[in-house]
Amino acid sequence: MTNGANGGGTTPEQVTVGDLTFDISVSRPESPPAGTVLMLHGFPESRASWRAVADLLRDAGYATIAPDQRGYSAGARPVEVDAYQLDELVADVIAICDALGLDTVHLVGHDWGAAVAWTVAARHPERISSLTAVSVPHPAAFAWAKSEDPEQRERSGYMEYFQIPDEPEFNLLADDAAALRMGFGDAVPSDVADQHVRVLSAPGAMTAALNWYRAQTPASEDVPVVDVPTTFVWSSGDIAIARAGAERCGEFVRGDYHFIEIPDASHWLPDEHPEAIADAILSRIGRSPATTARGDART
């Protein structure tokens, strides 16, 4: 692992696993950390989406690690579509933990990062102390909603468009990524949006990010039930994720489960409501599975 300059409470570093090198942001409290939180970003974002949450978690005594995931990191950008299958994305998370000497982590994911986090927690529960998923429900719940809920089918139509070769890349990056910036609206701070655009404007980066959509198959949604303590955070104002899948999510968690609804917010919850997301993570970390019976809750 190599270090960079410190700035804004986080240190840019790199971690190499096999042939891939991932850019990561690391935040460490002044005292020995109470634990480590690994945070996975979504599309069309970068690790910068976790900046505000990381600051809050560091102030609470936790170390944080936020990687630019496969395709987003310049040193981890394979050209083959199959290199972005869910199995590869999950393996990256475990490999990063191994490279950093982390036996267990508190895992957090938003959007595509949530889909990866759900799958890591389901397949590798021994490595995950807790899971906080933001915006996107368990893949099986989401698959059900796309199949059975007309509202979710309509909201997910963009996924088919993203599987078309070349055209989505051109349209998303045209005019200084005007379409991306419009999608972020006022929920994502302009400097953070600029960082997302810089990452995705690098040669091959947008194609790699879209390959996450192109590489997935129905088998990608066949994810086991999650046994680790889990919190799912969703907003009723999310334009991409309808209520049906969000409310079905708890059926795919056997561990202690907590559902938090943030009313009328956007899809970009880590940027728009970092305090609420940090509170949800800290609350999840603090809940003891040994003394808390499984139950659903909404706040």
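Trainee: What should I know before reading any values?
Mentor: This is a predicted model, in which local features need pLDDT of at least 70, side-chain atom pairs count only at pLDDT 80 or more, and totals for chains, interfaces and linings use all residues. Residues are numbered from 1 along each chain as its sequence is written, and side-chain values use heavy atoms, with hydrogens and water left out.

Trainee: How are helices and strands assigned?
Mentor: They are DSSP runs, numbered from the N terminus: helices are H or I with at least four residues, strands are E with at least two. Thr119, for example, sits in helix H3, residues 112–123.

Trainee: Is Thr119 buried or exposed?
Mentor: Learn the cut-offs first. Buried means under 20% relative accessible area, exposed means over 50%, and partly exposed lies in between, with a 1.4 Å probe and protein chains only. Thr119 has a relative accessible area of 0%, so it is buried.

Trainee: What does Thr119 touch?
Mentor: Contact means heavy atoms within 4.5 Å. Not counting residues up to four places away in sequence, Thr119 touches Leu86, Val90, Pro139 and Val223.

Trainee: Why is H3 described as largely enclosed?
Mentor: Because 11 of its 12 residues are buried, H3 is largely enclosed by the rest of the structure. Among the buried ones are Trp112, Trp118 and Val120.

Trainee: How do I check the length of a helix?
Mentor: The expected span is 1.5 Å times one less than the number of residues. The 12 residues of H3 should span 16 Å, and the end C-alpha atoms are 17 Å apart, which agrees. Now take H7, residues 167–184. H7 has 18 residues, yet its end C-alpha atoms are only 20 Å apart, short of the 26 Å that a straight helix would reach.

Trainee: Where is the kink in H7 centred?
Mentor: Bend at a residue is the angle between axes fitted to the seven residues ending there and the seven starting there. H7 has a kink of about 115°, centred on Asp175. After H7 comes Gly185, with a positive phi near 55°.

Trainee: Which residues of H7 are buried?
Mentor: Pro168, Glu169, Leu172, Ala177, Leu180 and Phe184 are buried. Their cover includes H6, helix H8 (190–201) and helix H9 (205–214).

Trainee: What covers the buried residues of H4?
Mentor: The cover includes H3, helix H5 (150–155), H6 and helix H10 (243–248). The buried residues of H4 themselves are Pro139, Ala140, Ala141, Phe142, Ala143 and Ala145.

Trainee: How do a pocket and a cavity differ?
Mentor: Both are sets of points on a 1 Å grid over the protein atoms alone. In a cavity a 1.4 Å probe fits but cannot get out; a pocket is an open set with protein on both sides within 12 Å along at least five of seven lines; lining residues have an atom within 4 Å of a point. Grid points are joined across faces, edges and corners, and a volume is the space filled by probe spheres set on the points.

Trainee: Which residues are closest to the centre of the largest pocket?
Mentor: That pocket holds about 580 Å³ of space. Of its 25 lining residues, Trp112, Phe142, Lys146, Met159 and Glu221 are the closest to the centre. H3, helix H4 (139–148) and helix H6 (157–162) each supply at least two lining residues.

Trainee: How do I read a lining by class?
Mentor: Ala, Val, Leu, Ile, Met, Phe, Trp, Tyr, Cys and Pro count as nonpolar; Asp, Glu, Lys and Arg as charged; the others, Gly among them, as polar. The lining of the largest pocket has 13 nonpolar, 7 polar and 5 charged residues.

Trainee: What about the second largest pocket?
Mentor: Its space is about 430 Å³. Its lining has 17 residues, and the closest to its centre are Pro44, Tyr158, Gly183, Ile239 and Trp268. H7 gives the most to this lining, with 5 residues.

Trainee: How many cavities of 30 Å³ or more are there?
Mentor: The count is 1. The largest cavity has a volume of about 70 Å³. H2 contributes the largest share of its lining, 4 residues. Pro67 is one of the lining residues.

Trainee: Where does Pro67 sit?
Mentor: Pro67 is in strand E5, residues 63–67. At 1% relative accessibility, Pro67 counts as buried.
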